[in-house]
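Please examine the sequence and the structure shown here.

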Amino acid sequence: MSPVDRRYRYVYKPLLFLACLVPLTWAVGGVLAGAGLGIDPVRRVLGIFGKTTLNLLGLTLAVTPLRVLSGNAHLLRLRRMLGVFAFTYALLHFLVYIGPFQGFAADAIVQDLTKRPYIMVGFAALLILTALAATSTAGMMRRLKRRWQQLHHLVYGAAALGVWHYWWQVKKDIREPLLYAAILALLLGWRAWRRWRRAATSRSARPTAPERSAA
Amino acid sequence: MPRRPPGTPRPSEITPERIFRTRRDLLLGTLAAGAARLAPAAGTPPPTLSYQRNARYGVADKPNTYEEITGYNNYYEFGTDKTDPAARAGAFRARPWSVAVAGEADVTGTFALEDLLRPHALQERIYRFRCVEAWSMVIPWVGIPLGEVLGRLRPTSRAKYVEFTTLLDPRQMPGQREPVLPWPYVEGLRIDEAMHPLSLLAVGVYGRELPNQNGAPLRLVVPWKYGFKCVKAIVRVRFTERQPANTWAVATPNEYGFYANVNPAVDHPRWSQASERRIGAGFFAARQPTLPFNGYAEEVAGLYRGMDLRRHF
């Protein structure tokens, strides 16, 4: 095992794991202590889990740009943990909505899931994240081969649906959802720009390309 | 490097305007303290009121605590987070206060709050409070029936509606510096709604003067309507012949209407209004069913006979 492997295995990954547990510890500790979550703890815990999902999705999507810009390919090793934690918090968010928020009222939940666009959008994001988390193992990666990459491009959709879900549930003050949308646009825009540039350079590198010969 | 004339402060030494202003406000506040009674500093509860408990208006459920009522507020003039009003309204000056009366009434003009309230005895009423966001509280208000105050202003036969306006003062109300809503906040009632004995002009809560975050010094309480009808820090009352525009209906007309009666059968476009979460009930408490007209149907349903409440939501 190289020194870099050791650093990632014994230092960076455990530290990231602990950092990802901070919001959960805060929420569970607050509920158990009956303090520290303000006057409406249900809403607060929903918010903590929901925003942590968005934050982790943002970090997951930031790995590739950071890797390219810094030239440090090892960063990729942290991505799966970020993604799986994003799914975990989305699931926790959903469970708090089912239990403490809706009181397990099946009719109300079914109505929400079929009638309320912002709930449907959030639920769709959760379904995508579930599929991605289920196929996040090395074995699944091997089995799905090229299709794994295609499947995991759905993370872009999940992030967009998540921001949309957040945007739709605020009453009027959209400044924070707007910030999330701007960050997401930046992360996705960078990819689009890079793809477009690659396509352009590969065209110009081939003098026999039709556009060239026509000119 | 650019040269500065001698004696010019370096950029890093200049106090940002925001801090400068806060400092000025603090100084002004200290001066005012010497001169007159003053909005209490954050942490000290407001002065107590003398009032009679009105036993006709009670609620079987236990009232919410003072901390819940004064720490969880929708009052966008001080910010959109529910904790913003308690955190940011401390320096608000609710005294001296005057209210302008205008429009279709014999008695118009500007009145000192004390003069407006003096002829009336304060009473305490415990009301249910239902927010349009599907949470609720039980609140012991202290106030005066709105109809008694409006009656003394002798509205004319053309007064079909009453419009209420909140103070516009972005210097004191930081939320008004953001275009989240069209300021100032305006609300309205039909005249028969305003004259209904349940409508209350509140000046206190839990036997004390209203804290700033609850709409000091004067706010409306209409318990069968969603909370956003209960306009706070009222500076103007205007009797009109036409239905006044109310802020939320102007800002988001497909989601909020003029009537805003609590109605479990008419959902908000984005969420159900069939049930509500009682604030303070605990993390694992069950939701409660929302009652038509927030439980006041017997008293007020007659006001809307023949109206399509799906259309007039």
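The points that follow treat one helix of chain A and then a group of paired strands in chain B. The model is a predicted one. In chain A, the subject is helix α1(A), which covers residues 3–33. In chain B, strand β11(B), residues 234–240, pairs with β2(B) and with β6(B).

**Length and course of helix α1(A)**

- Helix α1(A) contains 31 residues, and the distance from its first C-alpha to its last is 42 Å.
- This span is close to the 45 Å expected at 1.5 Å a residue.
- The helix α1(A) bends by about 35° at Val22(A), and the proline Pro23(A) follows within four residues.
- Just after α1(A) comes Gly34(A), which has a positive phi of about 65°.

- Three of the 31 residues of α1(A) are buried, so the helix lies largely in the open.
- A residue counts as buried if 20 or more other C-beta atoms lie within 10 Å of its own.
- The buried residues of α1(A) are Pro23(A), Ala27(A) and Val31(A).
- The cover over these buried residues includes helix α2(A), residues 41–70.

**Strand pairing in chain B**

- Strand β2(B), residues 98–103, runs parallel to β11(B), and four bridges join the two.
- Within β11(B), Arg236(B) is the residue that stands opposite Ala100(B).
- Strand β6(B), residues 161–166, pairs with β11(B) in the antiparallel sense over six bridges.
- Thr166(B) has Ile234(B) as its bridge partner in β11(B).
- In a regular strand, side chains alternate between the two faces of the sheet.

Methods. Residues are numbered from 1 along each chain as its sequence is written. Chains are lettered from A and ligands numbered from 1 in the order in which they are written. This is a predicted model: local features need pLDDT of at least 70, side-chain atom pairs count only at pLDDT 80 or more; totals for chains, interfaces and linings use all residues. Two strands pair if DSSP finds at least two bridges between them. The expected span of a helix is 1.5 Å times one less than its number of residues. The bend at a residue is the angle between axes fitted to the seven residues ending there and the seven starting there. A residue is buried if 20 or more other C-beta atoms lie within 10 Å of its own, exposed if 12 or fewer, and partly exposed in between; C-beta atoms are placed from the backbone. Two residues are in contact if their C-beta atoms, placed from the backbone, lie within 7 Å.
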